[in-house]
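The following note sets out points for a colleague who wishes to read this structure at the level of individual side chains. Please consult the sequence and the structure while going through the numbered paragraphs.

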Amino acid sequence: LSLSLSLSLSPRCPLPLAKVRHCPSAQSDIELFYETFGSPNGEPLLLIMGLGTQMIAWHTDLCEALVERGFYVIRYDNRDVGLSSHLDHLGQPNIVWNYITSFFTLPSTPYTLEDMAQDGIALLDHLNVKAAHVCGASMGGMIAQLMCLDYPERVLSLTCIMSTTGDPHLPEASISMKLMMIKKFPTAEEDQVKHRLWMLESLSSPIHWDKAYMESYIREGIQRSKYRAGVPRQLAAIMAAEGRGERLKLVQKPLLVIHGRDDKLVPCAHGEAIASAVPGAELLLFDHMGHTMPSAYNVDLAEAIKRNAERTGKD
């Protein structure tokens, strides 16, 4: 793996894999690949991405916009995705069976969202960051919630984008959306590009769908890592998670909830549930935003995250 230091508007530093901790449930050491933007003297901001999605989904232009607003940005690949630890020794869960059993009990899972939250805390330890602003998208928002609940002293402010409390009474995605998420991933590269384009177009609002931009992003991701075997394990962790609505009432950190009105995978009611659970939370709803983060909203997202961070210690 060839790594280099490149300079743009701000120092951008991709670093080798960091062995952050040993995870007993995974019976393995966890190594995370991460990248930082900006000066370590800035306000630390940890970005956590969603299911089966590499850290580059936090697009560079958004990271730069956050740096311009005073943040020291840290993005990383979760376990079982991209260039971080691949936990193939844990086997493949039966997602269909897990879905059926979820109506009666919490299904089994090779590891939990709590384990993934501990990974993020361990990365902060590795970077000698005592506390950070934390922002998560989709599954990353669930992980960010657990970081805030289980390690409140390490979280300065919390931003949840297109995420959920995980409570069972909330509206579900359509059957077609669920089937899309578990559809077998093709092996040939061009077929992978077509498959990912189909998925992302299905998740996006048509107003902001940019096929050329998305195809470039997809090809970058495939060139970086073709690994997809970790997706069922991450999905099992989501399915096995208990609802967090009641626990979120205990959060005393500034909370920003961002959601798209056109989100068909995680309907808008999920974001509203997060915001209603936490006193003083800000809810920001975007028209023409689905379950993706269009570059058209980069400035709005960066400004909102900055505004929420500035509430730290004031509420």
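1. Rings of Phe, Tyr and Trp, with the six-membered ring taken for Trp, are treated as a pair if their centres lie within 6.5 Å. In this predicted model, the structure holds one aromatic pair. The partners are F286 and Y297, with ring centres 4.4 Å apart and planes at 35 degrees, so the pair is classed as tilted. Planes under 30 degrees apart would count as stacked and those over 60 as edge-to-face. F286 belongs to strand β11 (residues 282-286) and Y297 to the loop between β11 and α11 (298-309), so the pair ties together parts 11 residues apart in sequence. Both F286 and Y297 are buried.

2. The charged end of R79 sits over the ring of Y111, at 4.6 Å from the ring centre. Likewise, the charged end of R228 sits over the ring of F185, at 4.5 Å from the centre. R79 also takes part in a network of salt bridges, in which it is linked with R21 and D119.

3. Strand β10 (residues 255-260) is mostly covered, with six of its six residues buried. L255, V257 and H259 point one way from β10, whereas L256, I258 and G260 point the other way.

4. Which strands pair with β10? On one hand, β9 and β10 run parallel and are joined by four bridges; C160 has V257 in β10 as its bridge partner. On the other hand, β10 and β11 pair in the parallel sense over five bridges, and L256 has E282 in β11 as its bridge partner.

5. Salt bridges come next. Side chains of opposite charge can pair when their charged atoms come close. The count comes to 19 salt bridges. In one of them, R233 pairs with D80, the closest N and O atoms being 2.7 Å apart. R233 lies in helix α8 (residues 231-239) and D80 in the loop between β7 (71-76) and α2 (95-101), so this pair ties together parts that are 153 residues apart in sequence. R233 counts as buried because its relative accessibility is 0%, and D80 counts as buried because its relative accessibility is 1%.

6. A further salt bridge joins D150 and R247, at 2.8 Å from N to O. D150 is in helix α4 (residues 139-150) and R247 in helix α9 (residues 245-248), so the pair ties together parts that are 97 residues apart in sequence. D150 is partly exposed at 32% relative accessibility, and R247 is partly exposed with a relative accessible area of 35%. The side chains of K306 and E310 also meet in a salt bridge, at 4.0 Å from N to O. K306 counts as partly exposed at 23% relative accessibility, and E310 is partly exposed at 42%.

7. How far away is the nearest side chain of opposite charge? D167 is buried yet has no salt bridge, and the nearest such side chain, R244, is 7.4 Å away. A salt bridge requires a side-chain nitrogen of Lys or Arg within 4 Å of a carboxyl oxygen of Asp or Glu. D167 is found in the loop between β9 (155-161) and α5 (175-182). Leaving aside residues up to four places away in sequence, D167 touches G243, R244 and G245.

8. Most residues other than glycine have a negative phi. S138, although not a glycine, has a positive phi of about 60 degrees; H288, also not a glycine, has a positive phi of about 60 degrees. S138 lies in the loop between β8 (132-137) and α4 and is buried, with a relative accessible area of 14%. H288 lies in the loop between β11 and α11 and counts as partly exposed at 37% relative accessibility.

9. P93 counts as buried at 17% relative accessibility. Between P93 and A296 there are 203 residues of sequence separation and 37 Å in space, C-alpha to C-alpha.

Technical notes:
Residues numbered from 1 in each chain as written. Predicted model: local features only at pLDDT ≥ 70, side-chain atom pairs only at ≥ 80, totals over all residues. Heavy atoms only, no water. Helix = DSSP H or I, 4+ residues; strand = E, 2+ residues; numbered from the N terminus. Buried < 20%, exposed > 50% of the residue type's maximum accessible area, 1.4 Å probe, protein only. Lys, Arg positive; Asp, Glu negative; His and termini not counted. Contact = heavy atoms within 4.5 Å. Lys NZ or Arg CZ within 6 Å of the ring centre and 35° of its normal. Pairing = 2+ DSSP bridges.
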